[in-house]
Amino acid sequence: MEANKIKGETKSLVLDNGVELTYCERGEEHDEVLICGAFYFHTFLPVVELMARRYHVYGVVMRFDGAADELEPDGTTHWGRQWGKDIYDFAVKMGIERFHYMGKCYGTIPGWYLFKNHPEMLIDFCSFFLGPHLKGQTANSWFELMRGNDTSKMMAAALRKPEEGLPKKMEEMASIGDSASSPAVPKYAACPEKMWDSLEDCELALRTATVPVGFLFGSDDPLYNDYYDSNMYLWKIVRGCHYTILQGEKHLMELDTPERVADEAFAFIDQAHKDYK
């Protein structure tokens, strides 16, 4: 169990293939289920707990090792698809037939797997701060910041209130250490389009979506602007999507204002299922 990746009470579930998944559980008093995927639940945990005011929430840690059945042609693991398959297997093992899925940045990747392969399980999908990239990359500022290993610069670019958020982020990084770093991150974590065999197949799936999708972005998020053309294309083609850009917000909005992240999710979910005339 990767207990260091969750702040607070931690549980684990062993799948039929022997893989152990670490997760947190909140809002057990509710019947309706929401699942979140993430590499770790420290600074994102307040959002989970806010969502648990209305839903039975499972926060499942996305792993980097162990048995895999989603493989590339060369036999290596396609971690993007594997993270999604793990969430699917988790839901089946737990007896969860349908659920809301919420992910932020890399946490959206399992949601896109489910969107493609198991749409019948999704009530709706909060794809926050990341979507498929069909128009390429316009800049590379975010990954350049990551490679620079200058935490202060990175947090200044990612936080609207770095003086408040930086100590929390540093505490999180100290807790998880190197356990949340992997070559799978740059290869799969920001590329939902890799769920499909081609960009054309991905676009067709988006244009014919049967699952309500809610996008949320911050106007000052460097990752949003690195893929500006692709992100702006989403609201034109994703059938029936809900698309919100919050002026001035940055990539780590869950640290700056977790309440706003949860409120945007609640608003999307509420509107997605109203019969507007």
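**View 1. Phe129 sits in the loop between β6 and α4 (141–148) of this predicted model.** Helices (H or I, at least four residues) and strands (E, at least two) are DSSP runs, numbered from the N terminus. Residues are numbered from 1 along each chain as its sequence is written, and side-chain values use heavy atoms, with hydrogens and water left out. As the model is predicted, local features need pLDDT of at least 70 and side-chain atom pairs count only at pLDDT 80 or more, while totals for chains, interfaces and linings use all residues. Phe129 is not a glycine, yet its phi is positive, about 70°. Most residues other than glycine have a negative phi. Is Phe129 buried or exposed? Phe129 has a relative accessible area of 2%, so it is buried. Buried means under 20% relative accessible area, exposed over 50%, and partly exposed in between (1.4 Å probe, protein chains only).

**View 2. Cys105 lies in the loop between β5 and α3 (109–117).** Cys105 also has a positive phi in a residue other than glycine, near 55°. The relative accessible area of Cys105 is 8%, so this residue is buried.

**View 3. Ser127 is part of strand β6 (residues 122–128).** Ser127 has 0% relative accessibility and therefore counts as buried. Which residues does Ser127 contact, leaving aside its neighbours within four places in sequence? They are Gly103, Thr108, Trp112, Val213, Gly214, Phe215 and Leu216. Contact means heavy atoms within 4.5 Å. Phe217 is 90 residues from Ser127 in sequence, but the C-alpha atoms are 9.4 Å apart.

**View 4. Tyr101 belongs to strand β5 (residues 99–104).** With 0% relative accessibility, Tyr101 counts as buried. From Tyr101 to Ser127 is 26 residues in sequence and 8.4 Å in space, C-alpha to C-alpha.

**View 5. Phe99 is among the residues with the most contacts inside the largest nonpolar core.** This core has 95 residues. Ile35, Phe41, Met51, Trp83, Met102 and Phe115 join Phe99 in the group with the most contacts inside the core. The largest share of the core, six residues, is supplied by helix α12 (residues 258–272). A nonpolar core is a set of buried Ala, Val, Leu, Ile, Met, Phe, Trp, Tyr and Cys residues joined through side-chain atoms within 4.5 Å. In soluble globular proteins, nonpolar side chains tend to be buried together. Leaving aside neighbours within four places in sequence, Phe99 contacts Val33, Ile35, Ala91, Leu114, Met121, Leu122, Ile123 and Asp124.

**View 6. Helix α2 (residues 79–94) crosses α3 at roughly 75°.** Their axes come within 7 Å. Axes are lines fitted to C-alpha atoms, for helices over the stretch in contact, and angles run from 0 to 180 degrees between N-to-C directions. The angle makes α2 roughly perpendicular to α3. Angles under 35 degrees count as roughly parallel, over 145 as roughly antiparallel, 65 to 115 as roughly perpendicular and the rest as oblique. On the α2 side, Gly80, Arg81, Trp83, Gly84, Lys85, Ile87 and Tyr88 make the contact. On the α3 side, it is Ile109, Pro110, Tyr113 and Leu114. By class, the contact has seven nonpolar, two polar and two charged residues. Ala, Val, Leu, Ile, Met, Phe, Trp, Tyr, Cys and Pro count as nonpolar, Asp, Glu, Lys and Arg as charged, and the others, Gly among them, as polar.

**View 7. Helix α5 (residues 151–158) packs with helix α6 (residues 162–176) at about 125°.** The two axes are 10 Å apart. This angle makes α5 oblique to α6. Thr151, Met155 and Ala156 of α5 meet Pro162, Leu166, Lys169, Met170 and Met173 of α6. The contact of α5 with α6 has six nonpolar, one polar and one charged residues.

**View 8. Helix α8 (residues 199–207) and helix α10 (residues 228–237) cross at roughly 45°.** Their axes come within 9 Å. The two helices are therefore oblique to each other. Glu203, Leu206 and Arg207 from α8 meet Tyr233, Leu234 and Ile237 from α10. This contact has four nonpolar, no polar and two charged residues. Ala205 is also in helix α8. Ala205 counts as buried, at 18% relative accessibility. Not counting residues up to four places away in sequence, Ala205 touches Phe115 and Trp196.
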